[in-house]
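Subject: Handing over a structure, with notes on what was found in it

Dear colleague,

I am passing a structure on to you, together with an account of what was found in it.

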Amino acid sequence: MMKFSRDQLYQEIWEISAKQVANKYGLNYPALLKKCKEHGIPLPNGKYWYNKKNGIDIQELIIALPDSSVKEIEVEKQATKIKKEKATSGDILPIHEDIKETDTVPSIEESTAKFSFDVDWVRSSLDYLESEKIETIIFVLSTFELKENKRLHKKVSSYKESVVNWNKRVKAAERNYYESRYERNTLEQPKFLKEISSEQLPRLYRILDTIFSVFEQIGEIVTDDLCIRFGKDIVSFEIIESTDKINHELTKEEAQQLVKYNDEIKRQSYASKPNIRKYDYIPNGVFRIKMTNGKYIKDTKSNKLEDMIPEIVFLFYQCYFEIRNRREQWEEAQRIREEEKQKARILQERIDQEKKKTREFLNILSDYKLANEIRKFVDILKESDKADQETIEWMSRKADWIDPTISAEDELLGKREHHKADEEKDKFLKEEKYYW
């Protein structure tokens, strides 16, 4: 134990952070936080450290030390040291030094201690996140407590019920088809159940409860299918129990099958040998939590998954970062494809419009040429006196009707649609309507 004045602890925590004070004096970090809470020593929040680091005014964020009759505080020193290596971009997992065999890891039921981790290591490991998010993660991991007899998270409680229902259905489906209690199992096997033995289910529930509670306090969402939603992205995971490979011991039924097989071999040249496995794989209670990117954290001799929640949280965020990058890359590629399609559509529309405009222009030009030919023909008729004046005037009016520069309106045919194709204009002149 080390003694400090209450005022000294307050001043140093607000100057360099509670974690740095613990490192400076070799204190048990969770114990220090607990003492601060007991004796009313306020702790800076994430926004305070962000503003202080970036030179932003922090006066409004400083919480004054409340009055107290306690002047001196005793804080427990650190007994077990966990070494953290600075993470690289390829691996964010910490390296743990083995603790002494006499140092046992307390179970969740026996401990209310907070997690131990290096704040600077956290910031460097999660530098791809926003500063406020990083400080929120640090704050939650620093203040989160593993409470005794805590009610299970509602999603874990629902999952537990699905496991119970599944086991009931499995038992009912094993009965004889004609038995009244027989019930076909049509349920989908609950997640994790294939990889976890029934004896280890209580531990599975505790781990899930802790992980989900931590992420919800950080501000993420636990989905109904037991995944974690980070904004637009969902991170799924597995919890797997390792097994020990041992030689298979013959059952009574298998021994009888072998005896029967040997007898048949003696009586005839061929017999089907029973398929009996050589090895059994026995669950050993060692858990590992595995992400979709293949990375995982597992129980060790010195640490259980329950004690490595900070590392598990970082593993989730690393997986989320990879998923987010893939999604953003896909979205960017999709955006580029859509832009190219849009450019191609606009270009094709321009081409089609230009074609249409050109066809209409050629159709108009065709009318202009036709009108000029009619006028030349009229002039020839005038000189040869082969047409009467009424016919010549009629032809001249039709030339003015066809000529797009004049576009005279005919009393019977209306206005000519010069932009249409010759075939359409000819069709208009050929159409006859009958009225009764």
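Throughout these notes a residue is called buried when its relative accessible area is under 20%, exposed when that value is over 50%, and partly exposed in between, with a 1.4 Å probe and protein chains only. Please bear in mind that this is a predicted model, in which local features need pLDDT of at least 70 and side-chain atom pairs count only at pLDDT 80 or more, whereas totals for chains, interfaces and linings use all residues. Residues are numbered from 1 along each chain as its sequence is written, and side-chain values use heavy atoms, with hydrogens and water left out.

With that definition in hand, Y205 counts as buried because its relative accessibility is 8%, and Y159, at 5%, counts as buried too. These two residues form an edge-to-face aromatic pair, with 6.1 Å from centre to centre and 75° between the planes; rings of Phe, Tyr and Trp (its six-membered ring) pair if their centres lie within 6.5 Å, and planes under 30 degrees apart count as stacked, over 60 as edge-to-face and the rest as tilted. The pair links distant parts of the chain, as Y159 belongs to helix 7 (residues 154-173) and Y205 to helix 8 (residues 201-218), 46 residues apart. Helices (H or I, at least four residues) and strands (E, at least two) are DSSP runs, numbered from the N terminus.

The structure holds 15 aromatic pairs in total. Another of them joins Y128 and F321, which are stacked at 4.2 Å centre to centre with 20° between the planes. Y128 lies in the loop between helix 5 (119-125) and helix 6 (131-143) while F321 is in helix 10, so this pair ties together parts that are 193 residues apart in sequence. F321 counts as partly exposed, because its relative accessibility is 24%. One aromatic cluster includes Y159, Y205, F237, F316 and Y317 among its members.

The charged end of K191 sits over the ring of F237, 5.2 Å from its centre, and that of R203 sits over the ring of F287, 4.4 Å from its centre; the criterion is NZ of Lys or CZ of Arg within 6 Å of the ring centre and within 35 degrees of the ring normal.

Strand 6 is joined to strand 7 (residues 279-291) by 10 bridges, and the bridge partner of I239 in strand 7 is I289. A further open sheet of three strands has the order 3-4-5, again with antiparallel pairing.

Which residues have the most contacts inside the largest nonpolar core? They are I239, V313, F316 and Y317, in a core of 55 residues, a nonpolar core being a set of buried Ala, Val, Leu, Ile, Met, Phe, Trp, Tyr and Cys residues joined through side-chain atoms within 4.5 Å. A second, separate core has 19 residues, including L9, V21, Y48 and I73.

With best wishes

Key:
Two strands pair if DSSP finds at least two bridges between them.
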